[in-house]
Structures are given as structure tokens and as C-alpha cells.
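Here are my notes on the model you sent, as numbered points. They cover the fold, the packing and a few local details.

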Amino acid sequence: MRQNPGMLFREALELEKPLQVVGVMNANHALLAGQAGFKAIYLSGGGVAAGSLGIPDLGITNLNDVLIDVERITGACAVPLLVDIDTGFGPSAFNVVRTVKSLSKAGAAAVHLEDQVGAKRCGHRPGKELVSPQEMSDRIKAACDGRVEESFLIGARTDALASEGIDRALDRALAYKQAGADFIFAEAVENIEHYRRFSQTTGLPILANITEFGKTPLYTRAELGASDVSMILYPLSGFRAANKAAANVFKHIRQDGTQANVLDTMQTREELYDSIDYYAYESRLNQLFNTTNNERNE
């Protein structure tokens, strides 16, 4: 019987301080993350937009786009999954309820939603527009109402630092706690001491988004732990690396007429088979059909 995903996430938070949460783009990457020892994984909204649909993260994706990837990941991997649900995928509280209920049923362990307007922007880009603290609080209450299991975590992301400053951002975080948020995601933090202030103000676990090429410096795990951070998110590290590697391979195949010169940058067949447990499936197939590899190859 599958363990409760929310409980697994909560246990990971207790056992690993701070908890490293790595972004995965598909089921295979989820397996690789688990094999690397990560106790929690993440599906980025920007990653779904760019990776699954080939479009910018500007509020264009919908619930079904995310659900497809969630179901594939949770179907293959038992590591608890945190999911980015942007602003809740709809204009009303009922949309937020439906989003959380659907993701909970799909096997996610936790979600976070943000206080931007529906036509949202990347958290590390200019021009972000926020809803009122009351409207965001209503989103959080709706998300809590949508939980199928009480252990399911609801995180509140605030983008207020960039436009409203630390004091207003802290006021928002406290309001979001009162609305029922289980943790606070402080976006685009440029001063590491601000994490401590979010922690002291709310008493909730604080998530630090350590994404590459953004506003937040690439603080180390030790530095963040000393600043009262409970979760460290690396949302697109694997995605960026995979994209760069694929672009390099495509370039060489086109230019060289062969992939021979970039084999050392590729995962081998054996490494893939180990990751997806290929031989166990093949062995079961042989048992079911009372055959062997040699017989099937004749």
C-alpha cells in the first residue's frame, strides 16, 4: 500500500534540516533524484510551461497541463512531490479547491500558490503585480478546503519583496499563516538575513528558492540552515543541465554527421536500464510467457 505522500513530506522535513528539494521534469528525472538520495522532489510551473509545452511561464498553463506531469511522476516514484500551482488555476475560490483536490488525488504531497495576479510573471523578472493580502488569504483558505488528506501541505509564496519591501512582505506572510499556510515561500530574496526575519515573524518553515541566474545568490545549504531556512528548492537545475546537454548533442550530430564525439556526455544504455529497473520488467515478462531472452531472439 502506498504511503501517505503528505506524511512522507512532513517526515522528510523533520529528518533533514534543511530539506533539499530538487526539481524534476518527468518521471525518469524523478527516479534519478530519488536514486541520488533526495527525500523530496518538485514540479515547477515554469518547468511545465517550458519543458512540456514549450511556452513561457506567464500564466498560460492550466490545471490539466500540470496534472499530466504530476500523475506520471507520482506513478513512477514514491518520493514526495511538491507542486507549483501558480495562482491556483482559476479566478475563483472554487478553482483553487478543485486544483488542490485534483493534485492530492493524483498523489502530490504538497503545493504552493502565490500572491501575484492571474497574468503572473516569473518571480525573478520585473513588472510583477500582486493581489491584495486578503485575496491571497482567500486563496489559501480555499486551498486548505481542497485538501483530501490533512497531512497535505499548503505553501504560500509571496513576491512582495521586490515591489513592497521586507516589512510589507512580512505582514503578508503573517496574514498567510493566519489563513492556514503550512510554510512560507519567500521569492527573490537578495539578503540572506531576510529568511530569518520571515521565520521569526511567522514561526513557519521557510522555503528558499535557490534558482540559477536569478536575483537570489546561490547560498549554500550550510548558510541557509544557519539563517533558519527549512527547505531549499532547486527548481530547474536538472532541466537547465539537460537542455544544455541536448543542445550540444544536437549541434554535434548536425555538424559532425555522427554522435560519436559526444558519447561521453550521454547516459549509457546500462545506466538507463538501471534507473528504470528494466531487467526486472524483462524478467517478469519472461516468467509470464515461460520464455528466455535467447528463445525470444530466435
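Two residues are in contact when they have heavy atoms within 4.5 Å. Helices (H or I, at least four residues) and strands (E, at least two) are DSSP runs, numbered from the N terminus. Axes are lines fitted to C-alpha atoms, for helices over the stretch in contact, and angles run from 0 to 180 degrees between N-to-C directions.

1. Basis. This is a predicted model, in which local features need pLDDT of at least 70 and side-chain atom pairs count only at pLDDT 80 or more, while totals for chains, interfaces and linings use all residues. Residues are numbered from 1 along each chain as its sequence is written, and side-chain values use heavy atoms, with hydrogens and water left out.

2. Barrel. Eight strands close into a barrel, in the order β1-β2-β3-β4-β5-β6-β7-β8, with parallel pairing. From one strand to the next the twist averages 25°. Two strands count as paired if DSSP finds at least two bridges between them. Strands of a sheet pair through backbone hydrogen bonds, either parallel or antiparallel.

3. Strand pairs. Strand β2 (residues 40-43) is joined to strand β3 (residues 81-84) by three bridges in the parallel sense, and Leu43 has Val83 as its bridge partner in β3.

4. Burial of β8. Here buried means under 20% relative accessible area, exposed over 50%, and partly exposed in between (1.4 Å probe, protein chains only). Both faces of β8 are covered: Met231 and Leu233 are buried on one side, and Ile232 and Tyr234 on the other.

5. Helix α1. Helix α1 (residues 5-15) lies across β1 (19-23), β2, β3, β5 (153-158) and β8 (231-234), at about 65° to β5. Its buried residues are Pro5, Gly6, Leu8, Phe9, Ala12 and Leu13. Seen down the axis of α1, these fall within an arc of 160°, so they line one face of the helix; the arc is that of the directions from the helix axis to the C-beta atoms. The face turned away from the buried side of α1 carries the exposed residues Glu14 and Leu15. At the start of α1, a side-chain oxygen of Asn4 comes to within 3.0 Å of the backbone nitrogen of Gly6.

6. Cores. A nonpolar core is a set of buried Ala, Val, Leu, Ile, Met, Phe, Trp, Tyr and Cys residues joined through side-chain atoms within 4.5 Å. The largest has 61 residues, and those with the most contacts inside it are Ile41, Val70, Val83, Leu103, Tyr195, Phe198 and Leu224. Helix α7 (residues 160-179) gives the most to this core, with eight residues. A second, separate core of 16 residues includes Phe9, Ala12, Leu82 and Phe183. Beyond its neighbours within four places in sequence, Leu224 is in contact with Ile192, Tyr195, Ala208, Ile210, Tyr219, Val229 and Ile232.

7. Lys128. This residue sits in the loop between β4 (110-114) and α6 (133-145). Lys128 counts as buried because its relative accessible area is 13%. A polar contact is a pair of N or O atoms within 3.5 Å; within protein, one must be able to donate a hydrogen and the other to accept it, and residues adjacent in sequence count only if both atoms are side-chain atoms. The side chain of Lys128 makes one with the side chain of Asp159 (3.0 Å) and reaches the backbone oxygen of Gly123 at 2.7 Å.

8. Backbone geometry. Most residues other than glycine have a negative phi, and most peptide bonds are trans. The bond joining Lys17 and Pro18 is cis, with omega about -10°, and Pro18 is in the loop between α1 and β1. Asp86 has a positive phi near 50° and lies in the loop between β3 and α5; Asp86 is buried because its relative accessibility is 3%. Asp228 has a positive phi near 70°, in the loop between α9 (221-225) and β8. Asp228 is partly exposed, with a relative accessible area of 30%.
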